[in-house]
Amino acid sequence: MTPTEVKEELKKCVKCGACMAVCPIYRQTGREDMVARGKLNLIEIVENNQDLPATWLEAVDNCLLCCSCEENCSKGVRITEVIAAARVHQTETLGLNPIKKGAFALLKNRIFSIARFIKLGYLGQWLLWRRLPRHSGLVRRIPLPGFDDKTVIPALPKRNLDDLLRRRKVAQELKPILFFPGCATRYLHPEMGLDIIFVLEKLGFKAIVPTEFNCCGLVTWGAGDAASSSKLKQGNLKVLRDNSEIRQLVTGCASCGHALKEYEQRPPEIEILDISEFLFRHRKALEDLIGSRKLKQKVTYHDPCHLRKGQGITAAPRWLLKLIAGDNFIEMSHPERCCGAGGTFGISHKELSRKILNEKTRDADATGAEIVASGCPGCILQLTEGAVVADSRWLAKHPLSLLAELLRRE
Ligand code: SF4
Ligand code: SF4
């Protein structure tokens, strides 16, 4: 967003305070400078100022970019884009946090890549981390800075999705469709990617997963690293242009879908769809495939912010869960509330993130569900941590993993 566009957005705010009712940070802190209205005020005051006061930095930093305020703003202020622009201003003025700088370098580099880094991590992870008996994830074995004994990190896989797909044979007569797995599915949870590909194949589609796809760029954008974000985006745009004869792209990651749909200069002939949207369009074929099979477990649903507020998708995932769980699907209270993950927020603001998460966990517990479904790998990891912290009985899963499980059942 350019400085002129930021000014235009700031002018649109009428200070009505409707954003206060929905901001998870405000709900926990009760502080005016933590809600969109307060943040926009501060951003306006120090606009173009090289001297960034601590209050400004704190307000800009304490945001999940969850879009809850945007969904509730009758003036249509593009709040998250203004906050991201403020973070770019901060990065240009003070530089980028060195840990984020190192992590983002891995996302951009093809030699010292995230894939290689994770393969190294796979070899050493058991020294410092131990597997959780019920959940897919690890907790620390020994005291580690920044991690308490309930912090869940993903168990790193031996083979990523690219490795697994290289060995896989697919019938050529299937109709090609682009699949954007996103970094979490590609490198941390390849089984989730295989579940989505399996369902696509059952419906007659062959998933094309170009290894040249980059990270979608949402995490770098949210951190104010405009240069990295642009580089990642340009790489993805090239892949889209090179494959523009394939007219549809699906993703199972709410955040990636949100980011990809926002790409300017996206080839107009390629339609970007969340996997739930795509399946809803093929509902007759899917209903026939499922037949009378139903999941036996009780399932509830958490709306990923980037699916509900970022893309306006609420009905398709619910239709899918009702299809596979029938009467065993139960709504939780406040399914729309953010879980507190917010990209790297759950790591950098552990205490606040945990408070937000605890509310979500209580709402999930109250349903008596055995599974909390959510179409975002980031939410799934955060929810898993919530279940571990509260010693809850449920597991967090992607709706497509539940669907694949059902379709594999004879
Ligand atoms: S809801 Fe929108 S217009 Fe109202 S105070 Fe918040 S940002 Fe401003
Ligand atoms: S994006 Fe979310 S956390 Fe940030 S100000 Fe808006 S509601 Fe609050």
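Predicted model: local features only at pLDDT ≥ 70, side-chain atom pairs only at ≥ 80, totals over all residues.
## How the strands pair up

Now for the bridges themselves. Strand β3 (residues 175–180) is joined to strand β5 (residues 248–251) by 3 bridges, and the two run parallel. If you want a residue pair to look for on screen, Phe-179 has Val-250 in β5 as its bridge partner.

On to the next pairing: β5 and strand β6 (residues 271–274) also run in the parallel sense, over 4 bridges. Here you can look for Gln-248, which stands opposite Glu-271 in β6. As for the side chains along strands like these, there's a handy rule: in a regular strand they alternate between the two faces of the sheet.

## The three-stranded sheet

There's another open sheet, this one with 3 strands in the order β7-β8-β9 and parallel pairing. Its edge strands are β7 (299–301) and β9 (395–397), each pairing on one side only. The twist averages 30° from one strand to the next.

Strand β8 spans residues 371–373 and pairs with β7 in the parallel sense, with 3 bridges between them. One residue pair to pick out is Tyr-301 and its bridge partner in β8, Ala-373. Helix α21 (residues 377–390) lies across β8 and β9, and its direction is at about 175° to β9.

## α11 meets α22

Back to α11, this time with a helix for a neighbour. Two packed helices are described by the angle between their axes and the distance between the axes. Helix α11 (residues 190–202) packs against helix α22 (residues 399–408) at an angle of about 55°, and the axes are 9 Å apart. At that angle, α11 counts as oblique to α22. The crossing of these two helices is left-handed.

On the α11 side, the contact is made by Met-192, Asp-195, Ile-196, Phe-198, Val-199 and Lys-202. On the α22 side, Leu-400, Ser-401, Leu-403, Ala-404 and Leu-407 take part. Sorted by class, the contact has 8 nonpolar, 1 polar and 2 charged residues.

## α7 meets α13

Helix α7 (residues 98–108) and helix α13 (residues 226–242) cross at roughly 15°, and their axes come within 10 Å. That angle is under the 35 degrees cut-off, so α7 is roughly parallel to α13. This crossing is left-handed.

The residues that meet are Phe-104, Leu-107 and Lys-108 in α7, and Ser-228, Lys-231 and Leu-232 in α13. By class, that contact comes to 3 nonpolar, 1 polar and 2 charged residues.

## Around ligand 1

The shell around ligand 1 holds 16 residues, and the ones that come nearest are Cys-13, Cys-16, Cys-19, Arg-37 and Cys-73. The elements that give two or more residues to this shell are α3 (36–45) and α5 (68–72). Of the elements, α3 gives the most, with 3 residues. The class breakdown for this shell is 11 nonpolar, 2 polar and 3 charged residues. For this tally, Cys counts as nonpolar.

## Around ligand 2

Ligand 2 is surrounded by 16 residues, and the closest are Cys-23, Cys-63, Cys-66, Ser-68 and Cys-69. Two or more residues of this shell come from each of α2 (24–29), α3, α5 and α6 (79–94). In terms of class, the shell has 13 nonpolar, 2 polar and 1 charged residues.

Technical notes. Residues numbered from 1 in each chain as written. Chains lettered and ligands numbered in written order. Pairing = 2+ DSSP bridges. Axes fitted to C-alpha atoms, helices over the stretch in contact; angles between N-to-C directions. Contact = placed C-beta atoms within 7 Å. Parallel < 35°, antiparallel > 145°, perpendicular 65-115°, else oblique. Left-handed = near helix turned anticlockwise from the far one by under 90°. Near = placed C-beta within 6 Å.
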